[in-house]
Amino acid sequence: MHTKKLTWPNSAWAILYKDLLCEFRTRYALGTLTMFTLVTLSGISMTLAGAAISSSIAAMLLWIILFFCAMAGLARTFVYEQEAGTLFTLRLYANGQAVLAGKLLFNILLLQLVTALLIPLFLIFLNIEVHLWGQLVYVLFFGTVGVAAVATLTAFMVSCTNAKGSLFTVITFPLLLPQFLTAIAATEQILTDMIPSWNECFFLAGYDATVIAAASLLFDYLWYD
Amino acid sequence: MLNHRISNIITALAAVGVIYAVFFIVPPVEGLGEKVRIVFFHIPAAWISVMAFVLSALWALRYLNTHQIEYDRKSATAAGLGFFFCLLATISGALFAKITWGAYWNWDPRQTTIFILLLLYGASFALRTAIHDIDQRAKISSAYSLLSIVVMPFLVFVIPRYYSSLHPSPVINSAAKIAMDPVMLYTLIAALLVASALFRQLFIYYIERTRRRDLAQKDSPEGGGRL
Amino acid sequence: MEHSVTVELVDVTKYYENKCLFRNISKKLLPGECLTVTGPNGSGKSTLLKIISGLVKTSSGKINLRCNANRLISPCERAKYIGFVSPELVFYKSLTGYENIDFIAKASGMAALPEFIMASLQRVGLSGQAHEPVINYSTGMRQRLKFALLLVLNPPLWLLDEPSSNLDTAGKKLVADLIHKALTRSTSIILATNEAEEANYAHQKINLA
């Protein structure tokens, strides 16, 4: 035989690989997001002009920057497929769960990369010291996974409409609020050198798991007519 | 429909009865005085807005399983009415907050929750209006409705933990004891029933109206009038 | 070929924005048969093919695809049985022709050997451009690439929407050869066309007026 069967996780890897390859060749999303991060961060830092801010405000600013970065970049996964016309090809041939998993992994990776870029700059510009690195990484990781999970599903919804950019933020924000508030509270504690309670860590991971499960259940309804 | 008309009349009479009870039978409460009367509008409105949210999601689920546009119509109508009641609950809540605590809005946990509910309703309308194809619209807004009901329990869990609340504890508190004057309690139950009946009547009315409109649209092109 | 596909159209009706495109189409297509769909522009040929592919819903009626004449194929597994050559089938512009085919095959749940992909590209006359990004392809070359994809996926049901559009004489002959060969290997073909020559393959016809 010239061909052999693949299971859907393999197809998901193929979709992730394709997205990475396209991204590597065009460097569109990462370039835009990097600049977006820099612009917002320098804007905040400049207006503060060296004034010290409380850890609650710092935590809030960090997550607001992350949220708007996600809004600026994550819709693209599906919207560019729709605009280039390749969504037809993908819907014709690709398995729904594989598409969701591939796109979700791509979005998680992208957001993690942006976070990795943002955090050092954020700490330097706003003159913040962190001692609980492990906890911070945990909160950032699970926080952004939740953002990516909700955004991947809403991005597909938005790609089917005729009002893309603004609508994406409008429909994603209320869904993300619980995660958002918890992540801010946990980050605030970390910045004041307090270890966040188990409840919060559990909540962040639980929210991610729930949203990913719900997205997986709902996506087939959206993908197949 | 005769049936609908009769139940309309019954609902209207019951509403008048409850309003009379609220203003003339319920005694003023110690500490709150006459202001307590607003509670009998606020609690039912809040109750309906949550119930409509759940109903809308249930119909959304049925739509996704059956693909019958009828269920989407129900889901959308429930969401529309839910939004209206949610707005009423928010406004009456803000008024109550002003006269008892001195400020219309202070991001009290329950205010935050109802505000997010309002945002979710608003977001689902924005999504609806952005899609033209009927089946596509039904499918996507159903999925959104279900996703938001999955997220809702997290809100209920998370918010009260981060803000201290001034909101009176729920009527049936954690010890499952009912701490209320019996007259007030019965009036409140009656108010909840009337609000539910009002929701039902409005729901039936709007469903009939959209169904007629959809049918009229579907039939007209056969006659040659396509536009 | 491992499988064959029988296509049943049962009272298929489609409205588009309140306009009736077609109504109560019923047909049964057996493996190795060709069904042609003809009709003027805007008569719904492409829509009918998209309905059969499962990308568009019927307003009423249904499509049954049966594997080996008995088992019903569910919507999630349709992709494995269908190959669609359509003007709307668009490739990823920043990927090469080879990468596009490799990716689409993997996304649909099968890994194709590199030699097999190259052989298919050679069959449609693209072996020289296999490693060039699709953005550099002409429209005719993109059309040929769609057939290379079809050869790699080798599905038992072909949906061809204007298959020889944008092709030169040699390209048209290639398409004719491919269709002819596929029919002898009991592939079911549904062909939407306005070209008299292609309409000649038909065992059955639908004319959308």
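Buried residues account for 50% of the 225 residues of chain A in this predicted model, where a residue counts as buried if 20 or more other C-beta atoms lie within 10 Å of its own, as exposed if 12 or fewer do, and as partly exposed in between, with C-beta atoms placed from the backbone. As this is a predicted model, local features need pLDDT of at least 70 and side-chain atom pairs count only at pLDDT 80 or more, while totals for chains, interfaces and linings use all residues. Residues are numbered from 1 along each chain as its sequence is written, and chains are lettered from A and ligands numbered from 1 in the order in which they are written.

The secondary structure of chain A consists of nine helices and one strand; here helices (H or I, at least four residues) and strands (E, at least two) are DSSP runs, numbered from the N terminus. Read from the N terminus, the order of elements is β-α-α-α-α-α-α-α-α-α. Chain A has a radius of gyration of 18 Å, close to the 17 Å that the globule rule gives for 225 residues, so it is as compact as a globular protein of that length. The radius is taken over C-alpha atoms, and the rule is 2.2 Å times the number of residues to the power 0.38. Along the principal axes, the C-alpha atoms of chain A fill a box of roughly 65 × 35 × 35 Å. Of the contacts in chain A between residues at least 6 apart in sequence, 86% join residues at least 24 apart, a contact being a pair of residues whose C-beta atoms, placed from the backbone, lie within 7 Å.

We turn next to the neighbours of chain A. Its contact with chain B takes 23 residues from chain A and 23 residues from chain B. On the chain A side, helices H7 (133-159), H8 (165-191) and H9 (198-223) each supply at least two residues, and H8(A) has the largest share, with 10 residues. This side of chain A divides into 19 nonpolar, four polar and no charged residues. In this scheme Ala, Val, Leu, Ile, Met, Phe, Trp, Tyr, Cys and Pro are nonpolar, Asp, Glu, Lys and Arg are charged, and the others, Gly among them, are polar.

Chain A also meets chain C, with 27 residues of chain C in contact with 29 residues of chain A. Helix H2 (97-107) and strand E7 (110-112) of chain C are the elements that give two or more residues to the chain C side, and H2(C) gives the most, four residues. That side has 18 nonpolar, five polar and four charged residues. Strand E1 (residues 3-5) of chain A runs antiparallel to E7(C), joined by three bridges; strands pair if DSSP finds at least two bridges between them. Lys5(A) has Met110(C) as its bridge partner in E7(C).

E4 (residues 60-67) and E5(C) pair over two bridges, and Arg66(C) has Leu72(C) as its bridge partner in E5(C). Lys62(C), found in strand E4 of chain C, is exposed, with 12 other C-beta atoms within 10 Å. Lys62(C) and Ile52(C) are 10 residues apart in sequence and 9.0 Å apart in space, C-alpha to C-alpha.

How values were computed. Contact = placed C-beta atoms within 7 Å.
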